[in-house]
Amino acid sequence: MLEFKLPDVGEGMHEGEIIQWLIKEGDAVTQDQPIVEVQTDKVNAELTAPAAGVVKKIFFSEGDIVEVGTTIFTIQVENGMPAPETDMGEEEIQAAQSGDVKVNAGHITSKPHLEAVRVLATPFVRQMAREMKIDIEQVKGSGPAGRITESDLKQFKENHSITRENVYNNDNKILQDKATMKNADRAKRLENEWEERILLKGIRKKIAEHMVKSVSTIPHVTHVDELEMDRLKEFKNQLKAYSDVKDIKLTFLPFFVKAIVIALKEFKTLNASIDEKTNEIILKNYYHIGIATNTKEGLIVPVIKHADQKTIFQLADEIRKLATQAREGKLSIDQITGSTFTISNVGPIGGLHATPIINYPEAAILALHKMEHRMVVRDLEGVIRLMMNMSLSFDHRLIDGVTAVHFTNRIKELLENPIRLVVEMR
């Protein structure tokens, strides 16, 4: 009985995910026959049978994470003869570490079989070839190191079809010219339809998983309102002399943080979460405000702890430092966990309104949009005011629409009358 152990198909690989089994227990397999597709942090690898025989046992299911060196299947070798010792050749290691994707276990176990190295192609392309009934070994690859791409398969298919058309029709008329023109048109179309595939991994993968959990768990509802910002802008300008002395760049965001904290204290379900295990609502009497920050790695949410206990200037300074650390990738786990409410400030890049996704397990998120001068009606007259929209997404299990509107009304009241905001700060 031959035990097949998961090899290291990439530099420093510790584990891999079983993507797809290409056989089942009891199947007779030939040497080098594709057996299983495995995904690591760096590559996708198609592992093949090290010897001919019958697959006796498969130890893991698709989606399972397996450590390198773990037996993933066994083969009853033909004639009871064991397969040669595993020894991956240098060429195969380089091919695997290049990100391409074919690791032939048969070659790993037997150096003499290196002459039979198969063409380079991703598991997706191989699957596509099987579906298109194309012998992939007959296809010439145009990718790096001769790797076969999706376009190569499509081109091969087109050429093959055209070859079949190069015969006489019932009227004995040659269709070759027509086929040639058709081929050129299709080739041009395919050239403009190339695509790229990027492995979903790292922070982007975590963001994707978090978004799916948020949307699939929390029933989202979004409420949109607008703010008149003239008075707040004037108030901020009056504070500029003080912020310059402190060498702090003062933005509108700290004022929003303070107004939101005041409103959260009055509407406690906005600063809450649901414990699904115990079926309890958790009302939080601390105010840790997450600030969604765009970085080259994706959206990161650093957290201002105990925002209710900090001044406008302290908030401004902390927001700037956290944003800088986020963009430099220097935030600690403690700095990006524990938020109770999140603000997403997309105003600097534009947009009128949105449906922001709640930062699970929080109860709500507020998106701030671009500030612009608009014509509005005041005292039955049209006037120009500095306006901006805000979008509040909330957990409809905890928060009714009426509560959400009262919450944003309170924020409006404080920000449109900044003196009142200052008076009510604690």
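The lining of the largest cavity divides into three nonpolar, no polar and five charged residues. Nonpolar covers Ala, Val, Leu, Ile, Met, Phe, Trp, Tyr, Cys and Pro; charged covers Asp, Glu, Lys and Arg; the others, Gly among them, are polar. This is a predicted model, in which local features need pLDDT of at least 70, side-chain atom pairs count only at pLDDT 80 or more, and totals for chains, interfaces and linings use all residues. Residues are numbered from 1 along each chain as its sequence is written, and side-chain values use heavy atoms, without hydrogens and water.

**Cavity**
- One cavity of 30 Å³ or more turns up in a search of the whole structure (a set of points on a 1 Å grid over the protein atoms alone, where a 1.4 Å probe fits but cannot get out).
- The largest cavity has a volume of about 60 Å³, taken as the space filled by probe spheres set on the points, which are joined across faces, edges and corners.

**Lining**
- The lining residues (an atom within 4 Å of a point) are Lys258, Val261, Ile262, Lys265, Asp308, Glu424, Met425 and Arg426.
- Helix H9 (residues 253–266) gives the most, with four residues; helices are DSSP runs of H or I, at least four residues, numbered from the N terminus.

**H9 against H10**
- In H9, Leu253, Pro254, Phe255, Val257 and Lys258 meet Ile312, Leu315, Ala316 and Ile319 in H10 (heavy atoms within 4.5 Å).
- By class, this contact has eight nonpolar, no polar and one charged residues.

Technical notes. 1 Å grid on protein atoms, 1.4 Å probe; cavity = no way out; pocket = protein on both sides within 12 Å on 5 of 7 lines; lining within 4 Å. Helix = DSSP H or I, 4+ residues; strand = E, 2+ residues; numbered from the N terminus.
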